[in-house]
Amino acid sequence: MFENELVGEILKRYRRIWALSHVSALAEWDSDVMMPKGGSSLRGEAFAELAVLKQRFITDSSFVELVRRASREELNDYERGVIRILERSIHYYSSLPSEFVAEEERVIEAAKRAWEEAKQKSEFSIFRPHLERIFELQRKKAEYLGYDEHPYDALVDLYEEGATKRFLDRFFSVLVPEVSRLLKRIVSSPEFVERHELEDLTYVREDMERLNRFVLTAFGAPWDHFRMDVSAHPFTVDLAGPQDVRITTWYHGRDFRRSLLAAVHEWGHALYELQQDPELCCTPVSGGVSLGIHESQSRFWENHIGRSLAFVETFFDAFRLAIPSIGAYDIRDVYKYFNLVRPELIRVEADEVSYILHIALRYELEVAVIDGDISVAELPAAWNERIEKYLGVTPPDDAHGVLQDIHWAMGAVGYFPTYALGTVLSAQIRHAMEKDIGPLDELIRGKHFGAIRDWLFRKVHRFGSVYPPRELVRRALGEDLRTDYFLSYAKEHYGSIYGVSK
Ligand code: MG
């Protein structure tokens, strides 16, 4: 796999950078799962110090020279992947002056605190000066990093290698009108429900946890290399894929699909890390290649498996065993409850259909602020106007509007589109998988999850970050990312549930 001598030398030196990333990831997991609240300020300092060390190793002149020399050699795909990823890191760290990096770190720390307070009090003015600084710095960052067409390209590329504003404009311009039409038809259908009884059904946390473990075990969770814990927001962390990958879910004591589908979603992320080629471990090409590809894996398990009728049928007895009061409902009730479509104010509560519109509005707004078309001060009003246009709902306050997400406070501008890319790609993956190994519903009914895992392993997972996202999609699916698979899946799936097929 790695035969070139210079690449071998690079990988040997990289072990140190890997070790730093490994302990940072462990500390990150600890922060969200284990750490007593009072530990957070020192933890923040430790993260900052580790980040500086990592930057120093990556930009070390003899290391950079080694990468440069290796890039001129005849290399195989895996070795080229190593060089590509390192060149991206070197470019990132050496383009940004260290004062800028330190300043950004400070601004983000303060912005996160201000955002928390602003959200809690629902007062945008507390967050506003911080957000202005954030956008200013992101604009500056784009200039430092460089771009061909638009400053947004430099930012989105940090999360989705190769994505551009031009591409995303086209992507959303196809999706938004179609998704809006579908949503309107669903909302005006007689099958539409404002609220489903099962949302209020309570459960005992231990029973719910047992159910989650049962389902993931059926999916093939390798518990020797995998953990599931609890955190405020579900997430996945790759500590040393494929040897140690962890997820979290949440338990609210009611509305059991939230806990179950979060575990299933994170399982999709985890499997991507668990099924990478073991030889990639501890190298720059270890782990998923981009946020969009990662999200396609989580959405595939959550939406195409977890929300299918076949899944509800297959696990219905397990549901009833864990939560006996489900016995008062039938499979169709639970299926409908898993697939409720309803315009919501909050992105993380949104269904698969309206989710696209939540992302589109964030994308449009961040581009508009980067372009200077709207100011940060105008954001709350622009937000409310757009969410009303797209979803027909009006935020009662900014906490339920512009202040709901932490992403901008963390300096993550260009991040949101990856959620929509993943959702759309997951439908295309399903289509390609079904062509190869047959209808997904039959695989689920037969509990042939090994065949599903194996297909994902062969086509996507084993390559880690060896290929850039676009090349990986072409290799795995034989074509570029397309919106039509998602649109026809959404129309068919939700159309049949809501009786709006035409
Ligand atoms: Mg996710």
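**Notebook: helix α10 and the magnesium site**

I noted that α10 and α13 are roughly perpendicular to each other (a term for angles of 65 to 115 degrees). Helices here are DSSP runs of H or I with at least four residues, numbered from the N terminus.

I am working from a predicted model, in which local features need pLDDT of at least 70, side-chain atom pairs count only at pLDDT 80 or more, and totals for chains, interfaces and linings use all residues. Residues are numbered from 1 along each chain as its sequence is written, and side-chain values use heavy atoms, with hydrogens and water left out.

I looked up the packing of α10 against α13 (residues 331-338): the angle is about 70° and the axes are 11 Å apart. The axes are lines fitted to C-alpha atoms over the stretch in contact, and angles run from 0 to 180 degrees between N-to-C directions.

I then listed the contact (heavy atoms within 4.5 Å). From α10 come Phe256, Arg257, Leu260 and Leu261, and from α13 come Val334, Tyr337 and Phe338.

Next I turned to the magnesium ion. Its protein donors are His265 (NE2), His269 (NE2) and Glu295 (OE), at 2.2 to 2.3 Å. Donors are N, O and S atoms within 2.8 Å of the metal (3.2 Å for Na, K and Ca); water is not among the atoms, so sites may look incomplete.

I placed His265 in α10 (residues 256-274) and Glu295 in helix α11 (residues 291-305), so this pair ties together parts 30 residues apart in sequence.

I also checked burial (buried is under 20% relative accessible area, with a 1.4 Å probe and protein chains only). His265 counts as buried at 10%, and Glu295 counts as buried at 7%.

How values were computed: Helices (H or I, at least four residues) and strands (E, at least two) are DSSP runs, numbered from the N terminus. Buried means under 20% relative accessible area, exposed over 50%, partly exposed in between (1.4 Å probe, protein chains only). Angles under 35 degrees count as roughly parallel, over 145 as roughly antiparallel, 65 to 115 as roughly perpendicular and the rest as oblique.
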